[in-house]
Amino acid sequence: MELTPGRVAVVTGAASGIGLAMARRFAADGLKVVLADVEEGALEDAAAGLRKDGADVHACVVDVADRAQVEALATETYERYGAVHVLCNNAGVGSGAEGRMWEHDPNDWKWAFAVNVWGVFHGVQAFVPRMIAGGEPGHVVNTSSGDGGIAPLPTASVYAVTKAAVVTMTESLYAHLKAEGARVGASVLFPGPHMLRTGLWESHRNRPARYAKQKPRKTPYRSLGQWEAAMKEAGQEVRFTPVEDVADLVAEGIRAGRFWLLPESEHSDRQIRARSQSMLDRADPSYLEHFILD
Ligand SMILES: NC(=O)c1ccc[n+]([C@@H]2O[C@H](COP(=O)([O-])OP(=O)(O)OC[C@H]3O[C@@H](n4cnc5c(N)ncnc54)[C@H](O)[C@@H]3O)[C@@H](O)[C@H]2O)c1
């Protein structure tokens with residue numbers, strides 16, 4: 001699908017990181033952009049920054065975990081712009097779960113699923129019927145992660161489970177759109193291939209009271225800066241992918257109608273092969289041993 005100036009993009013989780021980079025990229029291509037995010041102050045700053053650059057943007061405070069709020073976002077967007085061509089279901093959080101799965105706080109699971117899985121489903125349900133009915137070309141991009149989308153990092157297993165769900169949801173969506181003969185395509189995004197300098201490590205800043213932790217954390221949250229410093233001290237170099245590269249991959253992928261928005265990476269390819277081979281061989285998932293860090 002062409003990203004023609006004047007077309008409309010909706011991005012959730014647009015106040016920060018990858019979502020903000022995608023919004024900037026669409027605006028630079030001349031699209032009207034609806035920025036949706038739960039963090040009001042950051043959202044206002046993001047929208048002001050884009051407006052200063054001359055973009056036509058509309059900001060909406062939305063909790064994607066809340067179906068009614070996502071429905072209201074769709075209604076507001078259609079009332080204002082009359083169409084949606086690109087929908088990026090991108091809002092996501094790290095769960096903050098600690099320890100072994102059987103020790104996890106159930107609210108870590110509920111919160112991560114509410115945002116990372118239900119949030120994407122709410123976006124699909126609120127927007128896709130209207131996008132199909134509009135009859136114009138459209139595209140849905142759902143943000144997954146190599147963690148779970150390819151293979152789980154056992155130390156971040158809740159997050160991984162939600163991101164595996166996003167891949168399967170998007171594969172199913174793709175098939176349903178094809179079966180319908182819709183002019184709307186679907187892609188799944190794996191940001192990377194390296195680490196990203198975003199607010200994901202501070203996801204707890206947006207954790208709502210209804211999913212508050214019931215078991216207090218044993219260790220304080222670690223910031224990306226602290227982790228980076230620890231890696232440096234251990235002599236390990238950390239590589240980062242600029243968020244702008246992720247946004248470029250998304251824009252090119254939409255234009256090319258590509259399903260897998262998976263950046264070239266030997267590491268990812270090795271993981272994919274190892275996992276597939278283990279399944280084909282009916283062998284134990286020994287590839288997970290490489291990721292066990294504690
Ligand atoms: N940073 C990484 O290394 C990485 C890697 C792979 C995938 N991802 C995924 O990329 C996406 C964007 O994350 P990011 O890294 O830019 O982090 P980020 O924290 O910088 O951005 C996420 C945005 O989502 C918003 N958000 C959180 N809960 C929300 C809710 N309930 N409703 C609406 N908005 C909400 C936050 O306020 C924030 O602005 C997420 O889905 C994340 O899982 C990130």
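At what angle do helix α3 and α4 pack, and how far apart are their axes? In this predicted model, helix α3 (residues 67–81) packs against α4 at about 30°. The two axes lie 8 Å apart. Angles under 35 degrees count as roughly parallel, and α3 and α4 are therefore roughly parallel to each other. Their crossing is right-handed. On the α3 side, the contact is made by R67, V70, E71, L73, A74 and Y78. These residues meet H122, G123, A126, F127 and R130 of α4. Sorted by class, the contact of α3 with α4 holds 6 nonpolar, 2 polar and 3 charged residues.

Helix α4 (residues 106–134) also packs with helix α6 (residues 157–180). Here the axes come within 9 Å and cross at roughly 15°. That angle makes α4 roughly parallel to α6. The crossing of α4 and α6 is again described as right-handed. From α4, the contact draws on D108, W109, A112, F113, N116, V117, V120, F121, V124 and I132. Their partners in α6 are V158, Y159, T162, K163, A165, V166, M169, L173 and E180. The contact of α4 with α6 comprises 14 nonpolar, 2 polar and 3 charged residues.

Within it, L189 stands opposite L261 in β7.

The ligand is surrounded by 30 residues. The closest are G13, G17, G92, T198 and G199. Helix α1 (residues 17–28) gives the most to this shell, contributing 3 residues. By class, the shell around the ligand divides into 14 nonpolar, 13 polar and 3 charged residues.

Conventions:
Residues are numbered from 1 along each chain as its sequence is written. This is a predicted model: local features need pLDDT of at least 70, side-chain atom pairs count only at pLDDT 80 or more; totals for chains, interfaces and linings use all residues. Two strands pair if DSSP finds at least two bridges between them. Helices (H or I, at least four residues) and strands (E, at least two) are DSSP runs, numbered from the N terminus. Axes are lines fitted to C-alpha atoms, for helices over the stretch in contact, and angles run from 0 to 180 degrees between N-to-C directions. Angles under 35 degrees count as roughly parallel, over 145 as roughly antiparallel, 65 to 115 as roughly perpendicular and the rest as oblique. A crossing is left-handed if the near helix is turned anticlockwise from the far one by less than a right angle, and right-handed if clockwise. Two residues are in contact if their C-beta atoms, placed from the backbone, lie within 7 Å. Ala, Val, Leu, Ile, Met, Phe, Trp, Tyr, Cys and Pro count as nonpolar, Asp, Glu, Lys and Arg as charged, and the others, Gly among them, as polar. A residue is near a molecule or strand if its C-beta atom, placed from the backbone, lies within 6 Å of it.
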